[in-house]
Amino acid sequence: MKKISNYMQLIVISCIWGFNIVLMKYLSKTLAYSFMAAYRVVISFIFLYFITNKKDILTKKNNIILFFIAMINISGYMTLSNLAISLSETKNIAFITVLTPMFTAIISRYLAHKKLSNYTKVSILLSAFGAIGIYINNGSALTLGDGIMIIAIIMHCLSYVLIEKYSQQIPSETIAYKLFQYGMWQIVIFNLIFYRREILTFDYPISILILFALSSIIGYCYCQVMYQKQVSILGSIKASFFLNLNPIFTLIGSIIFLQERVSFVELLCFLVILCGVYISTKEKSS
């Protein structure tokens, strides 16, 4: 029952993340990507500041490690993913996230020396097959935005392999707080240097800013913290397979809110991806 509860939480996280991509695409038509990247982290940190226990004292080594992880998990990933969302189609971004388990497994295999079970290998193949099938069906070449998103996903996977490793030493709540703290300063300083005008401009409709704030707290901060917790419980590889549900929810949101269409081949590919997620649950948690 406890494992089912973990799976249900990951499904909820994937649902929120999937619909949040659609919302971010809508907001990117009004807000600069640098504005969204910087203030999503700032809003998230302020939210965590008031609800997180900050009494844990970390060693200098752990602080350095978390500072590095924040560079790839928060400031780096946030900057690149928001840029990709502004340049690429919503469906393309969603399909690329399907590659997350494959990259996570490869990094875990060579960085953490984890052995991959047959369940994991089959799940990865199904996920990759589904993503490639959708891309071929669309007949579109890899765009700059798609390439940037792939780099962002690789950084995302690397960070969670490291988070899984150090969650055995540091509480997941403390990791989340420190990552947002370091990530906030990193991304704010970076954008003040290179995109000062964009992040100091607040001349936007109040409704857009409210939507953005809600997206930052619920669609990013809450999901980020809860996903980190599941990574520490289930492991980075198993948790990553549930991110394959993101494009399904993104697709639903795109059809409803962005009037995008889905083909029969895309539906078949999504069924293949779902089979991969189901098979991944058959493996014992690390």
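By class, what residues make up the lining of the largest cavity? I will come back to that after a word on the model, which is a predicted one.

The cavity itself, then. The structure holds one cavity of 30 Å³ or more, and the volume of the largest cavity is about 280 Å³. Its lining consists of 19 residues. Nearest the centre lie Trp17, Ile21, Tyr77, Met149 and Asn246. Four helices each give at least two residues to this lining: helix 1 (2-27), helix 3 (60-87), helix 7 (144-166) and helix 10 (206-234). As for the opening question, the lining has 11 nonpolar residues, seven polar and one charged.

Next, a helix pair. Two packed helices are described by the angle between their axes and the distance between the axes. For helix 2, residues 33-51, and helix 8, residues 172-194, the angle is about 145° and the axes are 9 Å apart. The crossing of helix 2 with helix 8 is left-handed. On the helix 2 side, the contact includes Ala37, Val41, Phe45, Leu48 and Tyr49. On the helix 8 side, the residues met include Tyr177, Phe180, Met184 and Ile187. This contact has 13 nonpolar and five polar residues, and no charged ones.

Across the whole structure, a search finds 16 aromatic pairs. In the pair of Phe45 and Tyr49, the ring centres are 6.2 Å apart and the planes stand at 50°, so the pair counts as tilted. Both residues are in helix 2, four residues apart, which is about one turn of the helix.

Technical notes:
Residues numbered from 1 in each chain as written. Predicted model: local features only at pLDDT ≥ 70, side-chain atom pairs only at ≥ 80, totals over all residues. Heavy atoms only, no water. 1 Å grid on protein atoms, 1.4 Å probe; cavity = no way out; pocket = protein on both sides within 12 Å on 5 of 7 lines; lining within 4 Å. Points joined across faces, edges and corners; volume = space filled by probe spheres on them. Nonpolar A, V, L, I, M, F, W, Y, C, P; charged D, E, K, R; others polar. Axes fitted to C-alpha atoms, helices over the stretch in contact; angles between N-to-C directions. Left-handed = near helix turned anticlockwise from the far one by under 90°. Contact = heavy atoms within 4.5 Å. Phe/Tyr/Trp six-rings, centres within 6.5 Å; stacked < 30°, edge-to-face > 60°.
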